[in-house]
Amino acid sequence: MVLQALFFYLFAALAVASAFMVIASRNPVHSVLFLILCFFNAAGLFVLIGAEYLAMLLVVVYVGAVMVLFLFVVMMLDVDFAEMRQGFLQYLPIGALIGVILLVELLMVVSGWYIAPGMLGEGAAPTPPVEQTQNIAAIGELLYTRYIYWFQVAGLVLLVAMIGAIVLTLRHKPGVRRQNISEQVARRPETAIEVVKVESGKGL
């Protein structure tokens, strides 16, 4: 138990510190790297509580795919952050309002643990005992039966995000020859083939 508590405090402290550096770093690339570190520490916390599937999902999906996509977009957009910081004060009231709303929601969740702890689990499906089924089997059974439509919606959201990132980072530079499918399909033999009559004994 002492070793488990030591690892818990280590992962938790690193997760909180890296999460703070995500919003404190001036370089957006550094923020993405700190977010990857935060995900790794959160995966360690999942392993400690026995949710090895969620830990693997966090590392493979979020770190291996989503964070790499974020890093790719941040590095390819080449946003002028100095120009964006000039209008910081005009967005301050909206940001403060959103922050207050999030703070109230967090306080409601934390107070729910003490006022009515039984209400938090009423909307969730009953979890089968560990002796009857494994963790991964229980998650798969709920995910592909009760929550199948929400699972498909999440996939569509990720698809739209991927297409949006590709559209934002796709830039056509002048002077670079690109493939045009419509022009290739519309080509005729008269425009694609040139017949040259070569005289005997002479080359082209």
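Mentor: We begin with the order of elements: from the N terminus on, the chain runs α-α-α-α-α-α-α-α-α. Please keep in mind that this is a predicted model.

Trainee: How many helices and how many strands are there in the chain?

Mentor: The chain has 9 helices and 0 strands.

Trainee: What share of the residues is buried?

Mentor: Of the 204 residues in the chain, 13% are buried, that is, under 20% relative accessible area. As for the surface, the chain exposes about 16900 Å², and carbon and sulfur atoms supply 71% of that area.

Trainee: How are helix α1 and helix α2 placed relative to each other?

Mentor: One looks at the angle between the axes and then at their distance. Helix α1 covers residues 2-24 and helix α2 residues 28-48; they pack at an angle of about 155°, with their axes 8 Å apart. Angles over 145 degrees count as roughly antiparallel, and α1 and α2 are therefore roughly antiparallel to each other. Their crossing is left-handed.

Trainee: Which residues make the contact between α1 and α2?

Mentor: From α1, they include Phe7, Phe8, Phe11 and Met21; from α2, Phe34, Leu35, Cys38 and Asn41 are among them. By class, this contact of α1 with α2 has 15 nonpolar, 5 polar and no charged residues.

Key. Residues numbered from 1 in each chain as written. Predicted model: local features only at pLDDT ≥ 70, side-chain atom pairs only at ≥ 80, totals over all residues. Heavy atoms only, no water. Helix = DSSP H or I, 4+ residues; strand = E, 2+ residues; numbered from the N terminus. Buried < 20%, exposed > 50% of the residue type's maximum accessible area, 1.4 Å probe, protein only. Areas by Shrake-Rupley, 256 points an atom, 1.4 Å probe, with all protein chains shown as cover. Axes fitted to C-alpha atoms, helices over the stretch in contact; angles between N-to-C directions. Parallel < 35°, antiparallel > 145°, perpendicular 65-115°, else oblique. Left-handed = near helix turned anticlockwise from the far one by under 90°. Contact = heavy atoms within 4.5 Å. Nonpolar A, V, L, I, M, F, W, Y, C, P; charged D, E, K, R; others polar.
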